[in-house]
Amino acid sequence: MSQSLEKKTETSSQTAGPYVHIGLAPGAAGFDIYAQELGHDIAGPNAKGPRIRVEGRVLDGAGDPVKDVLLECWQANADGHYAHPNGGGPVEDDFRGWGRVISDFDTGEWAFDTIKPGATPNRDGIMQAPHLNFWIVARGINIGLTTRMYFDDEDAMNRADPALNLIEEQARRATLIATRHSSENLQTYRFDIHLQGPKETVFFDV
């Protein structure tokens, strides 16, 4: 017995909206569910390496801050090892190597404290400059965006980094370099992420 087949249409899509905070960072959305939200502690007090703060904003094509952004970050420890079984070597017990931050709903500023990572090998064994990996979601972004942040005081390693060298234009490489400044005796790096426009940050297709 044959059965007629209806023509199926594509399900409509929706960008990440305010519900992102309710599900992934309920404290920021006003829900007191957890004693400590998942992702706030990237590197515990016993993690090796210099303590740093990373701060910035996510900016739209007009240069205005996006104020409902969620950023996830993963990084290696000071020895260049990631916190998973194939991460290249052992890590400290309280080094999680992963974090989640929310932008301030009024200013769009985000920040987190961690340790500066060490250099890591890529899949071919070529050493990569110290960097942080970011995944970004917000209202208006259909698919989460992935990018990297390098350090401006690692110039020699940056110039040899295999990922940075895939970017032909020097100006485009500069969108991945954070600038260092002092803040209350803590090494602080500024990293603004531009979603569109002439300063658009390089995003990775992963």
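Predicted model: local features only at pLDDT ≥ 70, side-chain atom pairs only at ≥ 80, totals over all residues.
## Burial and overall layout

Residues are numbered from 1 along each chain as its sequence is written, and side-chain values use heavy atoms, with hydrogens and water left out.

The protein has three helices and 11 strands; these are DSSP runs, numbered from the N terminus, with helices (H or I) of at least four residues and strands (E) of at least two. Along the sequence the order is α-β-β-β-β-β-β-β-β-α-α-β-β-β. Contact means heavy atoms within 4.5 Å. Among contacts between residues at least 6 apart in sequence, 67% join residues at least 24 apart.

## Aromatic pairs

Rings of Phe, Tyr and Trp (its six-membered ring) pair if their centres lie within 6.5 Å; planes under 30 degrees apart count as stacked, over 60 as edge-to-face and the rest as tilted. A search of the whole structure finds five aromatic pairs. The rings of Trp 110 and Phe 112 are stacked, because their centres are 6.1 Å apart and their planes are at 15°. Trp 110 is buried, with a relative accessible area of 2%, and Phe 112 is buried at 7%.

Phe 151 and Tyr 189 form an edge-to-face pair, because their ring centres are 4.8 Å apart and their planes are at 80°. This pair links distant parts of the chain: Phe 151 is in strand β8 (residues 145-151) and Tyr 189 in strand β10 (residues 186-190), 38 residues apart. Both Phe 151 and Tyr 189 are buried.

## Charges over rings

A charge sits over a ring if NZ of Lys or CZ of Arg is within 6 Å of the ring centre and within 35 degrees of the ring normal. Lys 116 lies over the face of Phe 151, 5.1 Å from the ring centre. Arg 148 lies over the face of Phe 204, at 5.7 Å from the ring centre.

## Surroundings of Glu 92

Glu 92 lies in the loop between β2 (70-74) and β3 (98-102). Not counting residues up to four places away in sequence, Glu 92 touches Asn 46, Ala 47, Lys 48 and Asn 77.

Note on methods: Buried < 20%, exposed > 50% of the residue type's maximum accessible area, 1.4 Å probe, protein only.
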